[in-house]
Amino acid sequence: MLIYLSFFACNQDNKINDQNIASAEEIISYRLDLESPEYGAFYGEGPIPVSGVISPPTAELVIEGAIVNVDPLGRFSYEVPFEDPSKRSYRVVDVELREGELKERVPVFAGKDPKETWPGGLSARLLPEGLRILGESLGGLIDESGWSDSISSQLPVADLTWFILNPVGVVHDPTVVALNGAEEGVAVDFSLRGVGIEYEISWTDFDGVAQTEPLFMVFDEIAIGATAVPEIDENGILIFTLVEADLTMDSPDFQFGVLEGWVAEWITDQMWTWILEPVMENILDTILAEVGSLEIGGPFAFETDLMGAPLGLSLYDVYGDPDGLALGLELQVGELQEQGAQGLKIPTETEAPDAQLAIGLHEGLLQELLAGQLLSMLSQDLDLGGAFGSIIGNGVLALPGGDDAPDGDGWCLSIAPGSASVVRLQEGIAPLAYLYLPDLNVNVGIKDGSDCEDWLVASLATEIALEVSDGSVLGIDIEMPEGSLLYYGADADEYEEEEVIAAFSSYLETMLGLVGGFAEIDLGEMLAGSEEGEGMGLGNVSLNVVDSRSLWYDNPDIEGLYALSINLWTE
């Protein structure tokens with residue numbers, strides 16, 4: 001910016017002629033060349049380096065409200081701390097050359113760029129509580145498999161010379177399945193409750209009369225223990241195969257009709273050889289045949305489009321351990337590429353207490369998915385007339401100095417987010433994360449025919465809180481805690497910049513909040529598989545995000561990793 005200071009020497013007749021130049025002109029050029037910080041750069045825990053050159057070196061340089069000395073050549077070097085680097089948020093560095101009315105406003109971020117710390121995917125673990133509920137669901141699936149009908153069809157006829165035992169069928173109470181994390185898989189304990197095997201005893205009495213009596217063998221519990229080993233087949237389907245199965249059962253309770261005691265005792269002894277031993281083998285073989293392989297769902301390897309960003313996902317690992325069932329997924333989302341996610345930490349119950357599922361989520365994924373969508377929503381270039389234009393105009397006219405605004409043919413509004421932005425996950429879900437936009441450029445103009453004349457131009461630091469409601473709905477709340485006027489057409493004597501920024505920010509927060517509902521995202525609708533998660537062997541899934549905690553990681557190059565606590569089923 002050039003400031004011209006002219007000094008004129010006048011002759012007595014106040015005339016200038018070619019032979020005697022009575023005026024001299026001195027030009028002072030004010031310059032502010034900022035070398036650092038870099039716009040939108042990340043500076044860890046700080047401090048933020050501020051350096052550059054001013055001209056002339058005698059001009060007053062102010063950085064963040066402090067007067068800073070420069071060397072004889074006009075060079076300067078200064079440091080600005082982050083107010084709270086533990087939040088890894090942002091700061092806007094203000095550098096001003098007062099005489100020249102030159103001002104630079106540079107947004108920077110604490111912490112590291114999520115794109116640089118992106119671990120290449122996400123992880124998940126079905127925790128003990130989730131395994132318990134899933135086991136209850138699997139019990140119903142096992143009963144629906146018809147194992148009791150299969151056993152009934154295999155019951156042998158026992159010809160005991162004097163007596164013939166004909167099978168009638170098998171009845172049972174609902175099956176209970178307990179799932180627990182185990183090395184290399186999931187320990188599965190089937191509890192077949194109240195299993196009753198009914199036979200009909202036929203014989204001819206001493207008078208030659210045919211007789212029949214019912215016979216029941218009732219087991220309080222038949223227990224089958226096995227290990228479910230997970231694997232991913234060639235089609236990307238997740239399958240659990242039962243191995244190392246064994247069966248235990250107590251002695252049954254025999255219920256006879258009117259048979260004499262010695263007869264009942266003799267038949268009981270014979271049944272162990274003729275019926276019960278084959279039945280024990282048949283029950284184990286039948287259960288393994290019916291549910292020896294459980295298809296959970298898939299394929300868990302696909303490419304799609306999610307919220308406007310190309311998404312590639314593949315399940316690369318699944319295993320069981322005492323903490324539950326662990327899964328690792330590689331992701332390619334937008335500009336984020338798979339980077340060897342095999343080393344990604346998988347959260348445990350310690351990081352996600354009282355939850356059914358824990359997800360290791362990196363804030364880079366949210367940034368890639370949400371930032372583009374929200375930035376697109378905020379970007380506006382509107383030519384406003386009529387009633388809506390009056391709403392915009394009335395808000396601007398109510399600002400300090402707004403009375404100076406000339407009449408026009410309407411209003412125009414332009415909102416353009418700067419390229420500096422970052423998403424930071426938070427502890428808890430109120431909010432779950434923030435999208436920081438420290439340089440949201442807003443231009444309000446007054447229409448004059450087809451032209452639009454600037455009236456107010458501002459840069460506003462904008463914080464968009466991403467809050468979870470109703471379990472899975474991600475909504476937004478907008479705040480603008482600070483900013484700077486880049487241009488204002490009002491008389492400078494009639495306003496204070498801080499007052500205008502505060503009032504204008506509050507007005508914009510209200511206006512943008514009205515459209516916030518349109519930006520809601522229901523994470524529950526993103527569930528893989530059929531509607532509500534049905535058809536995956538998982539029962540009726542109803543996503544409910546309950547907490548978020550920072551996930552410690554032993555790799556210093558990875559930060560921004562959080563354990564998301566989720567419930568999948570409601571009881």
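Leu 366 is buried, with a relative accessible area of 11%. Keep in mind that this is a predicted model. The residue belongs to helix H5, which covers residues 363–378. Setting aside anything up to four places away in sequence, Leu 366 touches Leu 361, Ala 371, Val 423, Leu 425 and Ala 433. For a sense of how sequence and space compare here, take Leu 366 and Tyr 434: they sit 68 residues apart along the chain, yet their C-alpha atoms are 10.0 Å apart.

Over in helix H3 (residues 147–154) we find Ser 150. Its relative accessible area is 19%, and because the cut-off for buried is under 20%, Ser 150 counts as buried too. Leaving out neighbours within four places in sequence, Ser 150 is in contact with Thr 286 and Glu 290.

Here are the two residues side by side:

| Residue | Helix | Relative accessible area |
|---|---|---|
| Leu 366 | H5 (residues 363–378) | 11% |
| Ser 150 | H3 (residues 147–154) | 19% |

Now for the strands. Four of them form an open sheet in the order S6-S5-S8-S9, and the pairing is antiparallel. Its edges are strand S6 (66–68) and strand S9 (102–109), each of which pairs on one side only. From one strand to the next, the twist averages 25 degrees.

Zooming in on one pair, strand S5 (residues 61–63) runs antiparallel to S6 and is joined to it by 3 bridges. Within that pairing, Val 62 stands opposite Ile 67 in S6.

Key
Residues numbered from 1 in each chain as written. Predicted model: local features only at pLDDT ≥ 70, side-chain atom pairs only at ≥ 80, totals over all residues. Heavy atoms only, no water. Helix = DSSP H or I, 4+ residues; strand = E, 2+ residues; numbered from the N terminus. Buried < 20%, exposed > 50% of the residue type's maximum accessible area, 1.4 Å probe, protein only. Contact = heavy atoms within 4.5 Å. Pairing = 2+ DSSP bridges. Axes fitted to C-alpha atoms, helices over the stretch in contact; angles between N-to-C directions.
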